[in-house]
Amino acid sequence: MLLLGCIKEVSDYELAISLPNSLSGFVPVTQISEAYSKLLTKQVAQGELMEELNSLPDMYSPGTLVRCIVTSIEKRDDGRRSVKLSIDPKKVNKGLNSIALAAGMLLSGSVLSVEDHGYLIDIGVTGTHAFLPHQKAKNYIKAVKKGPDLKIGQNLNCLIVEVKNEGRVVCLSIDRSEVAASIATERQNWALSNLLPGLVVKARVQKVGPLGMKLTFLSYFTGIVDFMHMDSEKSMSYSPDQVVKACVLSVHPTSRVVRLTLRPPFLHPGGAPRQLPGQRMGAVLEEATVKTFYKQFGAVFELDDGTLAFARLKHLSKTRKSFKPGAFKEGCKHKCRIIDYSLMDEMCIVSLKHQIIEARFLQYQDIHTGDVVQGKVLSLKPIGMQVKVADGIRGLVPSLHLSDVILKQPEKKYNIGDEVKCRVLECNPGGKKLILTLKKSLVQSKLPVLSNYEDAKPGLITHGFVVCAREFGCIVKFYNDVKGLVPKNELGSEPISCPDKVFYEGQVLKVMVLKCEPQQERLLLSFRLSSKPGPEDKWKCTPKEKQEVKYQIGEIVDVKILKKKDNGLEVSILEDEDNVVAWIPMLHLSDFVATSKLLWHCLQEGDVLPRVMYLSAKGEHIILSRKSAVISAVQEEQVVRSFSEIQPGMLLTGYVRNVMPFGVFVEFPFGVTGLAPKVSMSDKFVTDTKDHFVVGQTVIAKVMSIDEEKQRVLLNLKVSECSSGDSAAESFALLNHYFKERKEIRDLLRRGEPSICELVPGKRVHLVVQDVREDGSALFGGSSVTGLTVTASRYHLGDKNITPGEKRKTLVLHVDALTSEVYVSLREELLKQKPKRVSMRSVFGFVCFCSS
């Protein structure tokens, strides 16, 4: 079904679309256009940001009209239906062909590429090349204010100016004045199979009824205008044979029903419907006047400012039995509340239900951090409890926050449907994210709510909860992810030698602010409530010369992440009065390159990393390393501290500094560097050095020879030459450490991407088909894979014929946490196999994180 919609909200991952008759739908980021999807796939494959790929907020704005096609309708957990849409021209314009194209036609297009003299536009017609000159786009670009150029994937309302070579080449315009003046005519040979929403036509009134009217247009088309889409100022003056201007709203391919609108903002292509002022949403109106009552649908009201509003039948009374039609005669007044706004109908949506009028929350924007709310338990999952706060508003109580103490079996305390009293820890209306706590100490606390660093004034006493207890002290978190450090000397009036034995994760305690630096988001705290703030100079960084002499290579420290940057982490060294700042390159987070990238992806600012080694001081930075093999080599004195200590035959642990066509440079702790020539890199024949090693990779190298005069070291990296003798023990130790790091990654992922942790190879999952691609592969979705891209290749669909909207049983083959991609199979021979009982179950869980 084709529909005209209006963009209501824009996020990085989808467009929320307002549809006619108070409906709404969503366009996923993968349904923008074919060119945009290819850029997304390329970016995921490369693992780095691409300059030509713009985010959805960079291209789209609320209030813009777009042509959509329904791709699927899914049933959500709460019983409501979710409409999935696409604005891809290849799907929206699939009824058009090159022969049908004619000058004056208005259709959807998407920017395919940027050329010297204009833009290539994808209009979804096979065999047709569409070109938009710069001159025809200049005024539009200036008006939308989205940058100096159109962007790949940007959806456009295009007017065909010229058709050449029997439709193989067309010239377009998006000039607002030209588009606005466009009217569909009989000469353009429109057919029901390719009729598009958004076309403005001249129509003749055929019949007028109480719920709308029937029109004829383009000679032989018939369409319907319902009561919500008549021009309110002329609704009583329409008569048969009257000629009116109308806009196509929707085309249903099966029932062949065409719906139109007579509302003024839609009668000029490219126009924009009126929007509701932000302060009106949720407003309670004491007197709204009934204008018209429709016994099958609801009532239209006139509000205090003269605008119209619509209330569905179910919103006119508490129950169907209590409904009294006599109370909704024209002129009757009622108290109501604005609960939504339909951009496509240009009407407020109101409710007369007492419980909605008195409701404290209607949308996420109504909820503030620190609010105490009542909720109903919807579900209990390993990550926590899902709570319904109001219609359309759900929150998550993480497992850590189900009680003042950690509950091993929360299902014994809570049941589905229980009423619970929670406090809001974090609310992000844009992302519709609501994090709650059930800890009584926090819910019942009368102390101030600390939700931003600016409010953390020295001397402030409030409640917080412990998220980490280590040798250096405790990390305490508050609301909105505000967190601070309680150093070891501030844990109590008496010295505490082992904080991890006194304090536990999730413990709620009173803390006092000693010092705060809001811009750096650094907070120093104390559990000694009678102590006074420390001197100002204690938190200042030391000069560089002091930092250099303070730490020695090989010294082990604990650090806290201050900032995440593209190539590493900026950290502060804990247990240091001067708060020394250091740097951990991304490739020094692990001995394994793939694990380094995953760790960087999972870690967050404020996290604490234990046992990190001081490696060197380069420029203005102290360089730290978390490579276990390198740390072990230093601690076991299997290193050389200078060139003079190197001897041929030595086995040294280091890391690849550079990969050149002629060989690999390897750096060792204390700054010694050597070269492994191409012939000594591998037991296999080496064609391209980059196929064998990558920068940052941990290696064991054997010293072949040294040149004292030129201070050069030649190395051998062949596996057959670099074993100490017990290769099996070395391999198992390395594998064991690899699995330990994978477990750490899994634990970190549970915080922000819990759904990916539940998926392991071999698991059977019921998913809904979202799309079948041209290459035969398919995309899947479902509540268990929210935020993930789930794909089945053509081979793994087997002989099954699938269509969007179907629910299918699938088998998880592979999970890539770095790209949030999941690969599944529908092949019967795999689904029928009984899951094997494997003692090393963790192996399956960790393999899914591999990323090369």
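Predicted model: local features only at pLDDT ≥ 70, side-chain atom pairs only at ≥ 80, totals over all residues.
How many cavities of 30 Å³ or more does the count come to? The count comes to 4.

## Overall dimensions

The chain has 852 residues, of which 48% are buried. Its secondary structure comes to 15 helices and 45 strands. The C-alpha trace spans about 100 × 70 × 60 Å along its principal axes.

One pair of residues gives a sense of distance within the chain. Y504 and P804 are separated by 300 residues in sequence, and their C-alpha atoms lie 48 Å apart in space.

## Annotated spans

An unreviewed UniProt entry carries the annotation "domain: S1 motif" for residues 1-88, 104-175, 198-263, 370-439, 459-528 and 649-718. According to the method of that record, such annotations may be inferred rather than shown by experiment.

Two of these spans can be described from the model. In residues 104-175, the end C-alpha atoms are 13 Å apart, and the span is 10% helix and 47% strand. In residues 649-718, the end C-alpha atoms are likewise 13 Å apart, while the content is 0% helix and 50% strand.

## The largest cavity

Among the cavities counted, the largest has a volume of about 70 Å³. Rolling a probe the size of a water molecule over the atoms shows where empty space of this kind is left.

The lining of the largest cavity consists of P28, T30, Q31, T71, S72, K84, L85, Q770, D771 and L779. By class, this lining holds 3 nonpolar, 5 polar and 2 charged residues. Three strands each supply at least two of the lining residues: β4 (65-75), β5 (81-86) and β41 (764-772).

## The barrel

Strand β41, which contributes to the cavity lining, is also part of a barrel. In this barrel 5 strands close in the order β41-β42-β43-β45-β44, and the pairing is mixed. From one strand to the next, the twist averages 50°.

Within the barrel order, β44 is followed back to β45. Strand β44 (residues 807-816) and strand β45 (residues 821-825) run antiparallel and are joined by 5 bridges. In this pair, L811 stands opposite S825 of β45.

## Strand pairs and hairpins

Strands of a sheet pair through backbone hydrogen bonds, either parallel or antiparallel. Strand β9 (residues 155-164) has an antiparallel partner in strand β6 (residues 106-114), with 5 bridges between them. Here S108 stands opposite N157 in β9. Strand β9 also pairs with strand β10 (residues 169-173), again in the antiparallel sense and over 5 bridges, with L159 opposite S173 in β10. The hairpin of β9 and β10 has 4 residues between the strands, and N165 in the turn has a positive phi of about 50°.

A further hairpin is formed by β39 and β40, with 4 residues between the strands. Strand β39 (residues 698-707) and strand β40 (residues 712-716) are antiparallel and share 5 bridges. D707 has R712 in β40 as its bridge partner. Q711 in this hairpin takes a positive phi near 55°.

## Loop residues

D481, a residue other than glycine, has a phi near 65°. D481 sits in the loop between β27 (473-477) and β28 (483-487), and its relative accessible area of 30% makes it partly exposed. E521 is not a glycine either, and its phi is positive at about 55°. The loop that holds E521 lies between β29 and β30 (522-526). E521 has 42% relative accessibility, so it counts as partly exposed.

Y504 lies in the loop between α8 (499-502) and β29 (508-517). Its relative accessibility is 37%, so Y504 counts as partly exposed.

## Helix α10

The buried residues of α10 are V593, A594, T595, S596, L598, L599 and C602.

Note on methods: Residues numbered from 1 in each chain as written. Heavy atoms only, no water. Buried < 20%, exposed > 50% of the residue type's maximum accessible area, 1.4 Å probe, protein only. 1 Å grid on protein atoms, 1.4 Å probe; cavity = no way out; pocket = protein on both sides within 12 Å on 5 of 7 lines; lining within 4 Å. Points joined across faces, edges and corners; volume = space filled by probe spheres on them. Nonpolar A, V, L, I, M, F, W, Y, C, P; charged D, E, K, R; others polar. Pairing = 2+ DSSP bridges. Axes fitted to C-alpha atoms, helices over the stretch in contact; angles between N-to-C directions.
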